Amino acid sequence: MNTINILWVDDEIDLLKPHILFLEQKNYVVTTCQSGTEALELIADKSFDIVFLDENMPGLTGLETLHELKEKRANLPVVMITKSEEEYIMEEAIGSKIADYLIKPVNPNQILLSLKKNLDLSRLVSEKTTSNYQQEFRKIAMDLAMVNSYEEWVELYQKLIYWELQLESIEDIALTDILESQKTEANLQFGKFIEKNYPNWFNANMDSPILSHQLFKEKVVPELSKDQPTVLVVIDNLRYDQWRAFEPIVTNYYKKISEFPFFSILPTATQYARNAIFSGLTPTDMERLHPNYWKNDTDEGGKNLYESEFLEAQLKRLGLSHISYEYHKITNLKSGKKLAENFKSLKDKDLSVIVYNFVDMLSHSKTEMEVVKELASNDKAYRSLTVSWFKNSPLLEMIAQAQHLGFKLILTTDHGTINVNAPSKVIGDRDTSLNLRYKTGRSLTYQDKDVMAVKDPKSIHLPALNMSSSFIFAKGDMFLAYPNNYNHYVSYYRNTYQHGGISLEEMIIPFVVLQPK
């Protein structure tokens with residue numbers, strides 16, 4: 001193994017010679033000294049991997065030495081050793097980010113365990129994770145061949161996300177490549193599954209998942225109460241792995257009561273999926289019942305301007321007009337900060353709805369801004385960027401306030417997004433919709449294997465622009481590109497995050513209910 005340099009600081013260091021000999025026999029290099037002052041001088045001149053520090057020393061105490069040492073070498077692991085079990089010393093030491101805490105008398109095996117825990121942890125975890133995933137790999141491969149229900153797809157997708165996050169900290173390109181190939185294969189099979197089963201999910205007699213238009217009635221309404229205000233946060237364009245990545249931040253304030261994966265309707269695009277959540281209607285019913293609110297792809301103007309009106313109509317239809325509510329859409333930092341400042345005013349409402357558009361803006365800006373494209377070059381980086389945003393966002397400030405005010409918190413999204421890499425040629429007339437993951441229009445020409453084609457949009461409850469309109473949905477990581485200026489178009493959009501099509505990432509999304517801690 002690489003040489004490990006240990007600094008051991010104790011005013012009675014001579015009594016520890018047996019321990020030091022034991023470590024040297026294990027090929028550790030141990031430097032000793034007898035005071036905090038001497039330790040700080042040694043650390044200034046020499047590089048150490050870890051420090052064992054006695055708490056009770058004349059002159060600079062262990063805690064005083066610890067504070068100064070951390071100012072000079074913030075990331076150097078320090079193991080505090082003390083005779084005292086007084087709580088304030090432990091709290092002070094732990095507050096100063098010690099790596100471990102040992103009570104005298106210590107034995108050699110305790111020391112060795114502490115070294116392994118602090119210096120070998122990442123390697124040991126890596127080896128264990130690698131071994132476990134190698135065992136799990138075969139099972140996932142077998143599951144992929146057998147999976148045949150929406151519940152099994154949810155379970156398999158959750159398993160893939162779990163291993164993706166587990167392998168994230170391991171710099172093993174081979175394992176990451178294996179997982180990526182499994183995700184690709186999973187999306188290939190999932191596309192076939194959706195093609196075969198999706199139209200039947202609108203049939204009340206069929207076993208089907210909860211879809212976007214059923215979510216509010218089936219999952220939100222049962223959580224509403226006059227006794228406790230509820231805040232429903234819809235983070236636009238949020239993938240399941242992104243939720244998993246910032247879940248630990250949310251659970252600092254809230255405890256999770258339930259988590260329910262549901263399916264976005266097709267197209268997995270905001271104007272369809274989010275309007276469906278707030279209206280409680282399929283797109284064909286929205287067009288029929290609310291022609292003044294619904295806009296088709298080729299219509300001019302914003303497509304999500306009437307979510308509050310859709311929600312009001314749904315509450316009325318469900319006999320819930322007595323529910324007092326407010327609706328807020330956050331599209332920029334300024335509006336987020338303003339709502340955070342006035343958040344207390346929401347406590348008198350039964351339901352406060354906050355649509356937060358940031359993740360959607362991030363994914364779209366990735367196609368527009370080379371800087372963001374660099375920052376979010378893959379799913380790992382995309383998750384990291386989302387977490388960084390969330391930690392510093394007004395949304396987290398609102399969640400902290402909601403906890404303090406006793407709100408129930410519901411977190412969800414309208415659809416996910418996928419990193420697209422494979423172009424597929426499509427030809428349409430000038431009225432064809434512009435989305436990269438789905439198209440609707442007349443006389444579409446496309447590659448059959450790359451898309452799910454729906455000749456009769458009404459069969460999946462989508463409005464038809466005219467008598468001969470059809471829809472096509474890109475599968476896997478495909479994106480739809482026109483032949484004119486093809487090469488420029490492909491290089492511009494390849495490796496960007498898009499939505500509207502069929503993939504695990506776009507369709508299987510979280511609905512989470514939390515109570516304040």
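Which residue of strand 14 does isoleucine 427 stand opposite? Isoleucine 427 stands opposite threonine 445, and that pair belongs to one of the topics grouped below. This is a predicted model, in which local features need pLDDT of at least 70 and side-chain atom pairs count only at pLDDT 80 or more, while totals for chains, interfaces and linings use all residues. Residues are numbered from 1 along each chain as its sequence is written, and side-chain values use heavy atoms, with hydrogens and water left out.

**The sheet**

- An open sheet with mixed pairing is formed by 3 strands in the order 14-12-17, where strands (E, at least two residues) are DSSP runs numbered from the N terminus, and two of them pair if DSSP finds at least two bridges between them.
- Strand 14 and strand 17 stand at the edges, each with a single partner strand, so one side of each is left without a neighbour in the sheet.
- Strand 12 (residues 422-427) runs parallel to strand 17 (residues 478-481), and 4 bridges join the two; here proline 423 stands opposite phenylalanine 479.
- Strand 12 runs antiparallel to strand 14 (residues 445-446), to which 2 bridges join it.

**Helix 11**

- Helix 11 (residues 270-279) has 10 of its 10 residues buried, so it is largely enclosed by the rest of the structure; helices are DSSP runs too (H or I, at least four residues).
- Buried means under 20% relative accessible area, exposed means over 50%, and partly exposed lies in between (1.4 Å probe, protein chains only).
- Among the buried residues of helix 11 are Tyr272, Arg274 and Phe278.
- Just after helix 11, glycine 280 takes a positive phi of about 70°.

**A patch of negative charge**

- Glu151, Glu152, Glu155 and Asp207 gather on the surface in a patch of negative charge, a patch being made of residues with over 30% relative accessible area and no salt bridge, with like charges joined within 9 Å.
- A salt bridge is a side-chain nitrogen of Lys or Arg within 4 Å of a carboxyl oxygen of Asp or Glu.
- Glutamate 152 lies in helix 7 (residues 150-167) and is partly exposed, with a relative accessible area of 37%.

**Leucine 53**

- Leucine 53 has its place in strand 3 (residues 50-54), and at 0% relative accessibility it counts as buried.
- Leucine 53 and isoleucine 173 are 120 residues apart in sequence and 38 Å apart in space, C-alpha to C-alpha.

Notes
Patches are made of residues with over 30% relative accessible area and no salt bridge: like charges are joined within 9 Å, nonpolar side chains (Val, Leu, Ile, Met, Phe, Trp, Tyr) within 5 Å. Accessible areas come from the Shrake-Rupley method with a 1.4 Å probe; for residues, only the protein chains shown count as cover. Lys and Arg count as positive and Asp and Glu as negative; His and the chain ends are not counted. The place of a charge is taken as NZ of Lys, CZ of Arg, CG of Asp or CD of Glu.
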